[in-house]
Amino acid sequence: MEQKAVRRGIKRADSDMTQGSIWSLLIRFAIPLAAGLLFQQLYNTVDTIVVGKFVGKEALAAVGSTSSIINMLVGLCSGLSMGASVVISQAYGAKDYEKLHDAVHTTILLTIIMSVAATITGIFIVDPMLRLMATPDDVFASAHNYLSIYFAGISGLFIYNMGSAILRAVGDSKRPLYFLLFSAFLNIALDLLFVIAFKMDIAGAAYATILSQFISAALVLFVLTRSAGPYAIHWGDLCIKGYILKKVLAIGLPSGVQQGLTAFSNVFVQSYVNGFGSDCMAGWSSYNKLDTYVLIPAQSIAMASTTFVGQNYGAKQLDRARNGVRCSLIISIVTTVILCIPLLLLRETLLTLFTDDPIVIQYGSRFIGIIAPFYFTVCFNQTFAGAMRGIGKANVPMIVMLSSFVLFRQIYLFAGTRLGGGFVTVALAYPMGWVVCSLLMAICFRRSALCHQEKDRHEAVAVSVEAEIEGANEGAE
């Protein structure tokens, strides 16, 4: 299919990652991603700070304890957006504009369908999931209200995530960031207005979040509609192309299932934390908000690695793709370690952002002290998983992460607590899963097509050198 006539619209901001400095491309691409993740985290962090300071520790515990439930549905969407991103980035790298056009329009229609399904499902699972999580009575009502409102408006988050995934797949990580910046600051303003001025308590925080997400979704759709690039949305062309859907599901569904099941598993981890009472829940909630910021470099570099590997794999530049993985790993480890140091040193001061309760701060500080030294291990599993998804092998990280984050973690918690383990045992559940996952992902990556082809190339070179030496010796004789 010929590329559609370029319409007058917004200037293109895509990026070809098949040429140029690897370090520069990864860093320049990852910085907007990291900033985007940073401000995306502000949504929930601001909610947590406002309700913790102006509503109470029960509301703080409620907002924090709902993350696992929300992430079950959001994880599925994130996985499918990853699948769409890989298909789009490979088509873009190969300059296959017909496939690119079909992928974009299939992705958008799929997102609309998913949004409706997620809204209905989310509203119906609120109470059963809160009961499964053994949510204390003094937190249950607040958590119910927050989740019900959040799921009613979850389509804004879905559409923004998928639309920004399309832009990132073609190398544009800046504009999704700009939209997220605007909506994050809007969320702050609405939080203060609804919770403090209008006295809407935890419901106000939820409304502020979903309204801000709808704004970011509208902005990213506007850019895609008005774009002059081959990835622009033509609303009359929306349809589900079977061959695209099959590829998106083959790559994205494993990741989505993995993220969804991991979040579901975290519901049980949360139940262990809930067993220590609302003070510990509030401390865990506060810790989790700080935890997400330190792990942003590992996540953003992994996303950059997926796009980089996807484009270069599509262009059949395998050496360049391998070098990109190595550079990604180095950048990820260095930045994560640097961020971990101030978190450990200033943890009690940082926790006062969320609450002034000394018992809650004590719990949060203990969580940070036990878990933070293991953050660097996340860099390995995230980077290798991102690279595997970039070459279309999404089943591998899915199986490894489910085995590590779900199966191993639940066995560890069950056995550990039955053998008399207490707070420290529960706190170590996440780090132990990270370590196991990193070891398994490293093994799988070394056995992947990228590394096997590198090994085959080295063996071919060695054989060639040996042949030359033998020929030279025969000539000398």
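Predicted model: local features only at pLDDT ≥ 70, side-chain atom pairs only at ≥ 80, totals over all residues.
Local features need pLDDT of at least 70 and side-chain atom pairs count only at pLDDT 80 or more, while totals for chains, interfaces and linings use all residues. Residues are numbered from 1 along each chain as its sequence is written, and side-chain values use heavy atoms, with hydrogens and water left out.

The whole structure contains 15 aromatic pairs, where rings of Phe, Tyr and Trp (its six-membered ring) pair if their centres lie within 6.5 Å; planes under 30 degrees apart count as stacked, over 60 as edge-to-face and the rest as tilted. Tyrosine 363 and phenylalanine 423 form a tilted pair, 5.9 Å centre to centre with 45° between the planes. This pair links helix 14 (residues 358-371) to helix 17 (residues 423-427), its members being 60 residues apart. Phenylalanine 423 counts as buried because its relative accessibility is 10%, buried meaning under 20%, exposed over 50% and partly exposed in between (1.4 Å probe, protein chains only).

Phenylalanine 423 also forms a tilted pair with phenylalanine 367, at 4.6 Å and 40°. Phenylalanine 367 lies in helix 14 and phenylalanine 423 in helix 17, so this pair ties together parts 56 residues apart in sequence. Phenylalanine 367 is buried, with a relative accessible area of 1%.

Tryptophan 23 belongs to helix 1.

Key
Helix = DSSP H or I, 4+ residues; strand = E, 2+ residues; numbered from the N terminus.
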